[in-house]
Amino acid sequence: MNIGQAAKASGVSAKMIRYYEQIKLITPAIRTESSYRTYTDNDIHTLRFIRRARDLGFSVEQMKTLLALWRDRSRASADVKTIALEHIAELERKAAAIHAMTETLKHLANHCHGDERPDCPIIEEFANASHEEAVPAVNTRFGVNGIRPEQTMRR
């Protein structure tokens, strides 16, 4: 298969396939004499594995580890479970951070009149946040958690 066919069969874009080769997540594809990449059924299976892991939010480093475990038939399932449980904890922290951000924004939006007046508690909160409030309690790809609704509207 060429890269376009591999992308379609695996659900991973051609751009991402090239990227995964570049960062050595997957082995580079076999090249034809005219330098076209060709992919085997095994390559497609690997790309599908990566796509599923990515869909579940695993990082590239975690995917490297999972791929190594997948290929190692003498692996202990406990090793895989440990990675999964660590990832679950990370996802739960991110979900809590997103929930806290949502609650903060709901609180601020509920206190904003949303009319022609310039007074806006949302803007005031952003402008008056102290350094301590700006330090993230949870670092996530989705944002940061650091402002709780009860910390807002201190007037």
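What percentage of the 155 residues in the protein chain is made up of buried residues? In this predicted model, buried residues account for 27% of the 155 residues.

**View 1. Overall architecture of the protein chain in the predicted model.** The protein chain contains seven helices and four strands, and these elements follow one another along the sequence in the pattern α-α-β-β-α-α-α-α-α-β-β. Among the contacts that link residues at least 6 apart in sequence, 53% are between residues at least 24 apart. The chain exposes about 10,600 Å², of which 55% is supplied by carbon and sulfur atoms.

View 2. When neighbours within four places in sequence are set aside, Arg-37 is in contact with Met-1, Asn-2 and Ile-3, with Arg-18 and Glu-21, and with Ala-29, Ile-30 and Arg-31.

**View 3. Nonpolar surface patch that includes Phe-126.** Leu-105, Ile-123 and Phe-126 together make a nonpolar surface patch of about 330 Å². Phe-126 lies in helix H6, which covers residues 121–128. With a relative accessible area of 53%, Phe-126 counts as exposed because this value is over the 50% cut-off.

Methods. Residues are numbered from 1 along each chain as its sequence is written. This is a predicted model: local features need pLDDT of at least 70, side-chain atom pairs count only at pLDDT 80 or more; totals for chains, interfaces and linings use all residues. Side-chain values use heavy atoms; hydrogens and water are left out. Contact means heavy atoms within 4.5 Å. Patches are made of residues with over 30% relative accessible area and no salt bridge: like charges are joined within 9 Å, nonpolar side chains (Val, Leu, Ile, Met, Phe, Trp, Tyr) within 5 Å. Accessible areas come from the Shrake-Rupley method with a 1.4 Å probe; for residues, only the protein chains shown count as cover. A salt bridge is a side-chain nitrogen of Lys or Arg within 4 Å of a carboxyl oxygen of Asp or Glu. Helices (H or I, at least four residues) and strands (E, at least two) are DSSP runs, numbered from the N terminus. Buried means under 20% relative accessible area, exposed over 50%, partly exposed in between (1.4 Å probe, protein chains only).
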